[in-house]
Amino acid sequence: MGWLAMIGLAALTALGLGFFLRRDKGALQFMLSALLLALAGYSFQGRPEAPGAPKRQPVREQVPESEFAKVREDTLGRFNNAGRWLGMAESMQERGDYLSAAQLLQGQTRRHPRDVSLWVGFGNALVLHGGGRMSPAAELAFQRAAEIAPDHPAPPFFYGLARAQAGDFDGAEQIWRRLAARPDLTPDYRRLIEERLQAIAEARATGQIPSAPAQPQAAPEEPAN
């Protein structure tokens with residue numbers, strides 16, 4: 001098929017040149033020589049039998065789902081204003097675009113400054129954008145969420161989750177134990193906290209994370225005289 005295409009193209013080209021250059025025999029001979037040279041080059045280097053090799057588009061590596069995304073719908077809801085924006089941010093994070101996710105949620109906290117879920121999600125997005133580090137900006141986002149709804153369990157729970165993600169397991173454990181001591185805690189939050197406290201305990205027992213620091217003992221009382 002490659003040879004047929006080349007011969008057909010050469011024939012059409014020769015006819016066209018013959019019509020336009022019929023009065024200039026020198027130019028016509030030169031163009032015909034060039035066509036013959038092109039055919040010779042194709043016969044030497046052309047490989048019409050070789051299969052096509054379309055260029056593949058680069059595949060972006062999928063980032064594992066974050067701990068925040070795994071429990072967000074069960075605790076903060078899905079079919080609400082914040083759920084829509086948090087879902088969009090999580091899609092960006094799964095593609096590794098942490099900056100766009102943080103910028104998206106930052107804009108939504110400005111539009112809805114009293115939405116606890118957006119502030120919690122913004123704090124988590126800042127932690128992910130910082131490579132798992134709890135930055136001052138992320139601290140402020142979680143603090144803002146706690147100020148808006150001091151009785152809501154989401155700000156301390158997700159703050160502890162971000163602390164654990166940043167490697168501060170001792171801090172996360174302290175936050176979750178204080179939250180678990182609240183009598184008004186819902187069963188869903190209590191289950192999530194107990195699962196994570198158990199995971200920390202098992203990780204310490206197997207040496208995956210350091211043991212908890214020893215609590216200072218009170219000095220013994222002096223005997224009365």
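Me: Which helix supplies the largest share of the lining of the largest pocket, and what makes a residue count as lining?
Reply: The largest share, four residues, comes from α10, while α8, α9 and α10 each supply at least two. The structure is a predicted model, in which local features need pLDDT of at least 70 and side-chain atom pairs count only at pLDDT 80 or more, whereas totals for chains, interfaces and linings use all residues. Residues are numbered from 1 along each chain as its sequence is written, and side-chain values use heavy atoms, with hydrogens and water left out. A lining residue has an atom within 4 Å of a pocket point, a pocket being an open set on a 1 Å grid over the protein atoms alone, where a 1.4 Å probe fits, with protein on both sides within 12 Å along at least five of seven lines. The residues that meet this include E67, F169, W176, R196 and I209, and the pocket volume, the space filled by probe spheres set on the points, is about 210 Å³.

Me: How do you know what classes of residue make up that lining?
Reply: Ala, Val, Leu, Ile, Met, Phe, Trp, Tyr, Cys and Pro count as nonpolar, Asp, Glu, Lys and Arg as charged, and the others as polar. Sorted in this way, the lining has eight nonpolar, two polar and two charged residues.

Me: Why is S91 called neither buried nor exposed?
Reply: Buried means under 20% relative accessible area and exposed over 50%, with partly exposed in between (1.4 Å probe, protein chains only). S91 has 34% relative accessibility, and therefore counts as partly exposed. S91 belongs to helix α4 (residues 81–94), and its C-alpha atom is separated by 9.8 Å from that of A69, 22 residues apart along the chain.

Me: Which residues of α9 are buried, and what covers them?
Reply: G171, A172, E173, I175, W176 and L179 are the buried residues of α9, and their cover, judged by contact (heavy atoms within 4.5 Å), includes α8 (154–165) and α10 (187–205). W176 also lines the largest pocket.

Me: How does the span of α9 compare with the expected one?
Reply: The expected span is 1.5 Å times one less than the number of residues; α9, with twelve residues (169–180), reaches 16 Å from its first C-alpha to its last, close to the 16 Å expected.
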